[in-house]
Amino acid sequence: MKPQHETVTKKPADPNTVYSLSEQETVDLGRALARTLKGGELILLEGDLGLGKTVFARGVAIELGIAEDEVRSPSFTLVHEYEGGRCPLFHVDLYRLDGGDDLEGLGLDELTEAGGVVLVEWGDKLPPWYRRDALTVRFHDLGEGSRRIELDRSRRALTGRRGDA
């Protein structure tokens with residue numbers, strides 16, 4: 001007889017892709033990633049509105065030791081800093097920015113160099129040379145609350161370095 005409650009996070013043959021069937025599974029994926037973080041990482045979250053980017057960020061924050069109820073989308077503040085965990089977490093939202101000069105003033109390099117974990121929602125708005133060393137987490141809607149979530153470090157192959165003109 002089949003158990004009523006199975007493990008719900010489905011793992012396909014590709015170890016860089018997981019499936020989330022609920023908000024809690026997305027939180028758990030963020031927590032799992034956070035267990036590997038030491039500070040100084042740049043993590044880009046990409047996907048349409050409502051696909052779980054902030055929910056994933058909440059999972060990262062929880063695992064870093066930040067209170068769950070403190071984490072919210074930074075859409076109106078651009079950068080929200082969370083302290084009190086094992087390393088600072090900077091949650092950035094680029095949704096309202098057009099690029100160029102808007103991005104220059106955020107100081108993302110300084111945040112990562114200061115030893116914080118930097119999570120950037122709408123990270124695809126950053127120029128390719130900036131995303132080069134980042135972990136990109138892409139969210140895809142599969143309908144009925146299900147998501148395919150891809151973790152990609154392959155952008156390292158792009159030419160140029162951060163700071164190059």
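User: Which residue in β6 is the bridge partner of Leu45?
Analyst: The model is predicted, so local features need pLDDT of at least 70 and side-chain atom pairs count only at pLDDT 80 or more, while totals for chains, interfaces and linings use all residues. Residues are numbered from 1 along each chain as its sequence is written, and side-chain values use heavy atoms, with hydrogens and water left out. Strands β2 and β6 pair in the parallel sense over 4 bridges (pairing needs at least two bridges found by DSSP; strands are E runs of at least two residues and helices are H or I runs of at least four, numbered from the N terminus). In β6, the partner of Leu45 is Val137.

User: How many bridges join β6 to strand β7?
Analyst: Strand β7 covers residues 146-152 and runs antiparallel to β6. Within this pairing, Phe139 has Ile149 in β7 as its bridge partner. The number of bridges joining β6 to β7 is 7.

User: Is Glu144 buried or exposed?
Analyst: Glu144 sits in the turn of the hairpin formed by β6 and β7, which has 2 residues between the strands. Its phi is positive, about 55°, although Glu144 is not a glycine. The relative accessible area of Glu144 is 83%; over 50% counts as exposed, under 20% as buried and anything in between as partly exposed, with a 1.4 Å probe and protein chains only. Glu144 is therefore exposed.

User: Where is Trp122 found?
Analyst: Trp122 also has a positive phi, about 65°, without being a glycine. At 13% relative accessibility, Trp122 counts as buried. Its place is the loop between β5 and α5 (128-131).

User: How many of the 12 residues of α2 are buried?
Analyst: The buried residues of α2 include Phe56, Val60 and Leu64. What covers the buried residues of this helix includes α1, β2 (42-46), β4 (89-93), β5 (117-121) and β6 (135-143). Helix α2 is mostly covered, and of its 12 residues the number buried is 11.

User: Which residue forms a salt bridge with Arg31?
Analyst: A salt bridge is a side-chain nitrogen of Lys or Arg within 4 Å of a carboxyl oxygen of Asp or Glu, and the count by this rule is 8. For Arg31 the closest N and O atoms of the pair are 2.9 Å apart. The pair links distant parts of the chain, 32 residues apart, with Arg31 in helix α1 (residues 23-34) and its partner in helix α2 (residues 53-64). That partner is Glu63.

User: How far apart are the closest N and O atoms of Arg147 and Asp141?
Analyst: Arg147 is buried, with a relative accessible area of 14%. Asp141 is partly exposed, at 49%. The two form a salt bridge, and their closest N and O atoms are separated by 3.3 Å.

User: Which residue's side chain meets that of Asp133 in a salt bridge?
Analyst: Asp133 counts as partly exposed, at 32% relative accessibility. The N to O distance is 3.4 Å, and the partner is Arg132.

User: Which residue has a side chain joined to that of Asp152 by a polar contact?
Analyst: Asp152 lies in strand β7 and is buried, with a relative accessible area of 16%. Not counting residues up to four places away in sequence, Asp152 touches Ala134, Leu135, Thr136 and Arg138 (contact means heavy atoms within 4.5 Å). A polar contact is a pair of N or O atoms within 3.5 Å; within protein, one must be able to donate a hydrogen and the other to accept it, and residues adjacent in sequence count only if both atoms are side-chain atoms. At 3.1 Å, the side chain joined to that of Asp152 belongs to Arg138.
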